[in-house]
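Biologist: I'd like to go through this model with you, one question at a time. Could you show it to me first?

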Amino acid sequence: MPFLTKKLDNRSMDVRTPSAAGAESALLWESDGYRPSRGLEGGVEVPGFGQSIPRRLCGSDECMSTWTVPWRNRRRPTFEGQWGCSGRCVLAMVRAAMSRELGEGEAGMAAAPHRHRVPLGLVLLAQGWITHPQLRHALESQRVNGRGRIGDWLVAECGLEAEQITRGLSLQWSCPVLSVRGFVPEAMALVMPRVFVEEFGLLPLRVVGLRILYMGLEDRLDASAALAMEQMAQLKVESGLLDSAQFREARRQLLQCDAVETKMETAVSTTALAARVTAILEQKQPVASRLVRLHQYYWLRIWLESGATGKSGTLPKNGEDVQDYVFSIGGRA
Ligand SMILES: [Zn+2]
């Protein structure tokens, strides 16, 4: 048995170039059943699926190593479905993921500029649910008091039902009104770090058919958060609005449940962040990990054992052997 295993047997060392090695790694990955980390169509990534791969190659495009060491564990650390052969390669993979996350935000904004939305009052007028005098009265109350949403004033001063406001908002945002049916706070508390529930008003509601995660919001959608959640959970995310009272009660219940252990950290720059993420991966040696950007935060989730996920995408089974890190860049904590 050879002491060192040659990575690619069909080539001799002297013709090997980094770019050729990269191309061949990609081909080999494909035959190994590699699935692109971004796409959902390839099904879910099961942390630890690398166990069945007899010889795993490094996932870094910049990997220069042509020999792999047989005693090095090729399951850990795994980042976004790929194993890194060395700290340097893990760092390259993390950096690539970070620039992807940055680019995606910009591309997303360019592709979908802030769409003009019909004001809620006009939506309600068009539906015939309020009159012009009612709308004028509500707007005046909002102006005089200098606070409150127009919908709240319509409910408080003009006798509208809260349910009509939610219906109006769903027309304004072209999205469904969701219900809290099937909401299990203990399970949903594990979906995302608490800070996203508190700060962005995201409320994971339920998973349907093991592949769709329903996410409820109170008065507006959040497309970029939904995208980040899709990538992290490897589930399709359907967003919709909830009636305010239902939303607040469900959120209260969720926030009382145990979440995945979360560490909040601040990095001085994206370069420092990449180094920090790499250090965590090297230290914790997770069987799976992912990094997504959610507004100003970078969210790293690591799965320490292959049994840490349940049946739905990569969602944690019970919070054991999963850890979250939420990073912000610069002075914000
Ligand atoms: Zn490598």
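Biologist: Leaving aside its neighbours within four places in sequence, which residues is glutamine 172 in contact with?

Modeller: This is a predicted model, with residues numbered from 1 along each chain as its sequence is written. Local features need pLDDT of at least 70 and side-chain atom pairs 80 or more, totals for chains, interfaces and linings use all residues, and side-chain values use heavy atoms without hydrogens or water. Glutamine 172 lies in helix α6, residues 162–172 (a helix is a DSSP run of H or I of at least four residues, a strand one of E of at least two, numbered from the N terminus). Contact means heavy atoms within 4.5 Å, and the partners of glutamine 172 are Arg117, Val118, Pro119, Leu120 and Val123.

Biologist: Is glutamine 172 buried or exposed?

Modeller: We go by relative accessible area with a 1.4 Å probe on protein chains only: under 20% is buried, over 50% exposed, and in between partly exposed. Glutamine 172 has 16%, so the word for it is buried.

Biologist: Which residues are the protein donors of the zinc ion?

Modeller: Donors are N, O and S atoms within 2.8 Å of the metal (3.2 Å for Na, K and Ca), and a site may look incomplete because water is not among the atoms. Here SG atoms lie 2.2 to 2.3 Å from the zinc ion. They belong to Cys58, Cys63, Cys85 and Cys89.

Biologist: What is the site of the zinc ion, with angles of 104 to 115 degrees among its four donor atoms?

Modeller: Four donors count as tetrahedral if all angles lie between 85 and 135 degrees. The angles at the zinc ion run from 104 to 115 degrees, so the site is tetrahedral.

Biologist: In what order do four strands form an open sheet?

Modeller: Two strands pair if DSSP finds at least two bridges between them. Seven bridges join β9 to β10, and these two strands run antiparallel, with arginine 293 opposite tyrosine 298 in β10. At the edges, β8 (261–267) and β9 (288–294) each pair on one side only. The pairing of the sheet is mixed, and its order is β8-β11-β10-β9.

Terms used: Four donors count as tetrahedral if all angles lie between 85 and 135 degrees; four count as square planar and six as octahedral if opposite donors are over 155 degrees apart and all others between 65 and 115; anything else is irregular.
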